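Hi everyone, thanks for coming. Let me put the structure up on the screen, and then we can walk through it together.

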Amino acid sequence: IKGQYGKYFATYDDELRGKLLREQTITEGMEAALAQEQFVVYLQPKYSIKDGGLAGAEALVRWNHPQWGFQHPGEFIPLFERNGFITRLDQYVWEKVCAMLREWEEKGYEPLPVSVNVSRADVYQADLPDILIHLIQKYKLPPSRLHLEITESAYTENPGQIIATVNRLRELGFVIEMDDFGSGYSSLNMLNKMPLDILKLDMNFIQSETAKPADQGILRFIMDLARWMNLSVVAEGVETKTQLERLREIGGDYVQGYYFARPMPKAEFEVLLLEAAKA
Ligand code: C2E
Ligand code: CA
Ligand code: CA
Ligand code: CA
């Protein structure tokens, strides 16, 4: 038994050492990665439920790592949120998106909005509105072309401060989407005080395969509430036809999910933009 425990702890140590080493490598490499453009912005299309037309996209970052290859955000964003690098990376992503929007504007493409993720750390930076307005001016864009996705859980920490910041962003013309809505943090009472334009439903609502009457009831209730509050609703994580049909019955405005398209490189999304213009 003693020997077995020894083995167990050795494995555990190895695992922990591996994780720490990996994190150290990421931390040492992140600045260079930014400078060398190893971070790549992918776009996942959003569609209108009513007519099926292309309605915009969400920008999702990937890391094309020289040793490890293509890395998904789950592999590095949590660390960047802890070590503070997320604010640098997010600003990089926002600028890339603004540059794309400018390029599409010049090419005469459909003027669709792109959503960017704004992490909790960004939102508590006092100069967030200045940073964003600077970008919008630099790339000569209407602020409404940039949608800001702020995760529901960010609102709980210091509601007073975030409400003030988000109010300011809306005054400036940015469109605010509450991401992961219903994942468990916001109370309905708080929703009432939150400045926002679009509710982005947490994937669990869409993906719960059970489709119990109660689940459907909650979804219906959220849709009604959104209508009352004059908010649009985006359903993300739609993977199957059944999920889409269930959603169609209940309502909502936009959909995003693997059933329609996975996040894709800019060039691929541009093909969709051109097709949308012809339709
Ligand atoms: P999120 O903002 O909730 O983004 C949605 C995630 O769901 C994305 O994962 C997307 O690829 C994935 N997804 C889309 N459709 C489906 C579907 O039908 N089924 C399933 N199972 N998943 C779907 P991704 O790209 O791996 O990003 C994960 C998270 O990382 C994001 O969750 C977001 O919180 C964060 N993230 C990604 N890019 C950025 C960024 O540039 N800045 C910040 N701060 N966070 C980012
Ligand atoms: Ca998001
Ligand atoms: Ca999220
Ligand atoms: Ca989400």
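Let's start with Arg 170, which counts as partly exposed at 33% relative accessibility. This is a predicted model, by the way, so please keep that in mind throughout. Arg 170 makes a salt bridge with Asp 197, and their closest N and O atoms are 2.8 Å apart. Arg 170 sits in helix H7 (residues 159–172) and Asp 197 in the loop between helix H8 (188–191) and strand S7 (198–201), so this pair ties together parts that are 27 residues apart in sequence.

How many salt bridges does the structure hold? There are 23, and I'd like to show you a couple of others. Glu 157 and Arg 120 meet through their side chains at 2.5 Å, N to O. That pair also links distant parts of the chain, with Glu 157 in helix H6 (residues 154–157) and Arg 120 in helix H4 (residues 120–123), 37 residues apart. Arg 120 is partly exposed, at 32% relative accessibility.

Within helix H1 (residues 2–35), Glu 23 and Lys 19 are four residues apart, which separates them by about one helical turn. They form a salt bridge too, with 3.4 Å between the closest N and O atoms. Is Glu 23 buried or exposed? Glu 23 is buried, with a relative accessible area of 18%, while Lys 19 is partly exposed at 47%.

There is a salt-bridge network as well, linking Lys 46, Glu 58, Glu 149, Glu 177, Lys 200 and Glu 236.

Which residues are the protein donors of the calcium ion (ligand 2)? They are Glu 58, Asn 117, Glu 149 and Asp 179, lying 2.1 to 2.4 Å from the ion. Along the chain their spacing reads E-x58-N-x31-E-x29-D. Asn 117 is partly exposed, with a relative accessible area of 27%, whereas Asp 179 is buried at 8%.

Now for the calcium ion (ligand 4), which is coordinated by Asp 179, Asp 180 and Glu 236 at 2.0 to 2.4 Å. Asp 179 bridges this ion and the calcium ion (ligand 2), and the two ions lie 4.3 Å apart. With Asp 179 in strand S6 and Glu 236 in strand S8 (residues 232–236), the pair ties together parts that are 57 residues apart in sequence. Another ion, the calcium ion (ligand 3), is 4.9 Å from the calcium ion (ligand 2).

The contacts of Phe 39 include Met 30, Trp 63, Phe 80 and Tyr 92.

Last stop, helix H12 (residues 266–278), which has 13 residues. Its buried residues are Phe 269, Glu 270 and Leu 273. They cover an arc of only 105° around the axis, which puts them on the same side of H12. Strand S1 (39–48), strand S2 (54–65) and H3 are among what covers them. On the face turned away from that buried side, you'll find the exposed residues Ala 267 and Lys 278.

That's my tour, and I'm happy to take questions.

Definitions and conventions:
Residues are numbered from 1 along each chain as its sequence is written. Chains are lettered from A and ligands numbered from 1 in the order in which they are written. This is a predicted model: local features need pLDDT of at least 70, side-chain atom pairs count only at pLDDT 80 or more; totals for chains, interfaces and linings use all residues. Side-chain values use heavy atoms; hydrogens and water are left out. Donors are N, O and S atoms within 2.8 Å of the metal (3.2 Å for Na, K and Ca); water is not among the atoms, so sites may look incomplete. Buried means under 20% relative accessible area, exposed over 50%, partly exposed in between (1.4 Å probe, protein chains only). Contact means heavy atoms within 4.5 Å. Helices (H or I, at least four residues) and strands (E, at least two) are DSSP runs, numbered from the N terminus. The expected span of a helix is 1.5 Å times one less than its number of residues. The arc is that of the directions from the helix axis to the C-beta atoms. A salt bridge is a side-chain nitrogen of Lys or Arg within 4 Å of a carboxyl oxygen of Asp or Glu. Lists of a residue's contacts leave out its neighbours within four places in sequence.
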